[in-house]
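This report describes the surroundings of a ligand, the packing of some helices and a few backbone details. Please look at the sequence and the structure before reading on.

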Amino acid sequence: MSRFFSSRYESLEPYTPGEQPKNLSEVIKLNTNESPYPPLKEAMEYGFNTARPLNLYSDPECVELRTEMAKKYGIKPSQVVAVNGSDEILNFSFMAFCDDRNTAAFPDITYGFYKVFADFNHVRYEEIPLDKDFKVDFRDYLGINKTIFIANPNAPTGLTISLSEIEEILKSNPDNVVIIDEAYVDFGGESAVKLIDTYKNLLVTQTFSKSRSMAGGRLGFGFACEELISDINRIRFSTNPYNVNAMTMAVGVGTLKNDDYYMEKCREIAATRDYTREELIKMGFSVIPSKANFIFAETDRIDGEVLYNRLRERNILTRHFKNERIRNFVRISIGTKEQMARFLLAVKEILEEK
Ligand SMILES: *Cc1c(COP(=O)(O)O)cnc(C)c1O
């Protein structure tokens, strides 16, 4: 830290992103929940052919993209905002909907960025423990009068809560916004977007990073009633009105025009996930039943961090968290069937070596 660094941020603990290796052809990358499949050629071509020229600013209203997204969910374009990855709208939500009276609440084990954004925005927060089965218990969130952030499916467990449980949380916290982070919803969850007309305190966020093979393009969305969307836009236009670049915007439209392809890939990933889980269980792992594109597994046959390191030596990247309650677990993103077969073989060999 230089002596010029603002005292407002000096105690900030930044988010640690998963490793992004250079030697991509040598590794099996199962560490940051990206799609193992490249974007569809037609989606990329649509983007290249229709993007606004890069000497001009991108459309700050993202009209075409929002219209296409609204069509998918049968809602109005005015109920959608496009952002530079869903991380951006999560940060905007801490800015827009939290203050000294409206403090934040989220599970103790969840997406690590919530805590970073809370600290960054000097928002106080409560971390609500997951229950003994690592589930979010909706009863813990009833009437707490806080701005609530819940990832559904949650990360790194992959467990979901039902829409009726989300409705109970919304009804019992009428004076606070509830943010449902649906980064993984396309792999088997049920979207809360259909509830935005009923609940004026609901904001749903999604991303094209996982289910649409666009992590590097940085594209996310928010869905809510018009009033909340205009709050988010107030923040967006005060920070970066051109937050979505022209190339990404156009590829995003091309992606939505080919959405059946991507949804088919999500089903394929879900099938590979369930297969991988069963094979790990046969080897003596306990594996949380995930609805996301990753699984969270542990076994008493090997320490989680040791397994992570042994896999890494074999150029298979997974994710390990040092958090006490989950330190024996490894989080494994779901790759192609071939990648998961190689992963399973490596795990088998590592267990036999011991
Ligand atoms: C990956 C992820 C995000 C953010 O993804 P972006 O790439 O910024 O869209 C948000 N929430 C959760 C739970 C995630 O896992």
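The crossing of α8 and α10 is right-handed; a crossing has this hand if the near helix is turned clockwise from the far one by less than a right angle, and is left-handed if anticlockwise. The model is predicted, so local features need pLDDT of at least 70 and side-chain atom pairs count only at pLDDT 80 or more, while totals for chains, interfaces and linings use all residues. Residues are numbered from 1 along each chain as its sequence is written, and side-chain values use heavy atoms, with hydrogens and water left out.

**Helix packing**

Helices (H or I, at least four residues) and strands (E, at least two) are DSSP runs, numbered from the N terminus. Helix α8 covers residues 259-282 and helix α10 covers residues 337-353; the two pack at an angle of about 15°, with their axes 10 Å apart. That makes α8 roughly parallel to α10. Angles under 35 degrees count as roughly parallel, over 145 as roughly antiparallel, 65 to 115 as roughly perpendicular and the rest as oblique. The axes are lines fitted to C-alpha atoms, for helices over the stretch in contact, and angles run from 0 to 180 degrees between N-to-C directions.

Helix α10 also meets helix α9 (residues 304-313): their axes come within 10 Å and cross at roughly 120°. This makes α9 oblique to α10. The crossing of α9 and α10 is right-handed.

Another pair is α2 (residues 63-73) and α7 (residues 246-257), which pack at about 25° with their axes 9 Å apart. They are therefore roughly parallel to each other, and α2 passes α7 in a left-handed crossing.

**Backbone details**

The loop between α1 (41-50) and α2 holds C62. Phi of C62 is near 50°, a positive value in a residue other than glycine.

Two cis peptide bonds can be described next. One joins N152 and P153, with omega about -5°, and P153 is in the loop between β5 (147-151) and α5 (163-172). Another joins A155 and P156, with omega about 5°; P156 is also placed in the loop between β5 and α5.

**The ligand**

Which residues surround the ligand? They are G85, S86, D87, L90, Y111, D181, A183, Y184, T207, S209, K210 and R218. A residue counts as near a molecule if one of its heavy atoms lies within 4 Å of it. Helix α3 (residues 86-97) gives the largest share of this shell, three residues. By type, the shell divides into four nonpolar, four polar and four charged residues.

The table gives polar contacts, pairs of N or O atoms within 3.5 Å.

| Side chain with the polar atom | Distance to an oxygen atom of the ligand |
|---|---|
| Y184 | 2.5 Å |
| S209 | 2.6 Å |
| K210 | 3.1 Å |

The protein covers 93% of the 390 Å² of accessible area that the ligand has on its own. Accessible areas come from the Shrake-Rupley method with a 1.4 Å probe.

Notes: Polar contact = N/O pair within 3.5 Å; in protein donor to acceptor, adjacent residues only side chain to side chain. Nonpolar A, V, L, I, M, F, W, Y, C, P; charged D, E, K, R; others polar.
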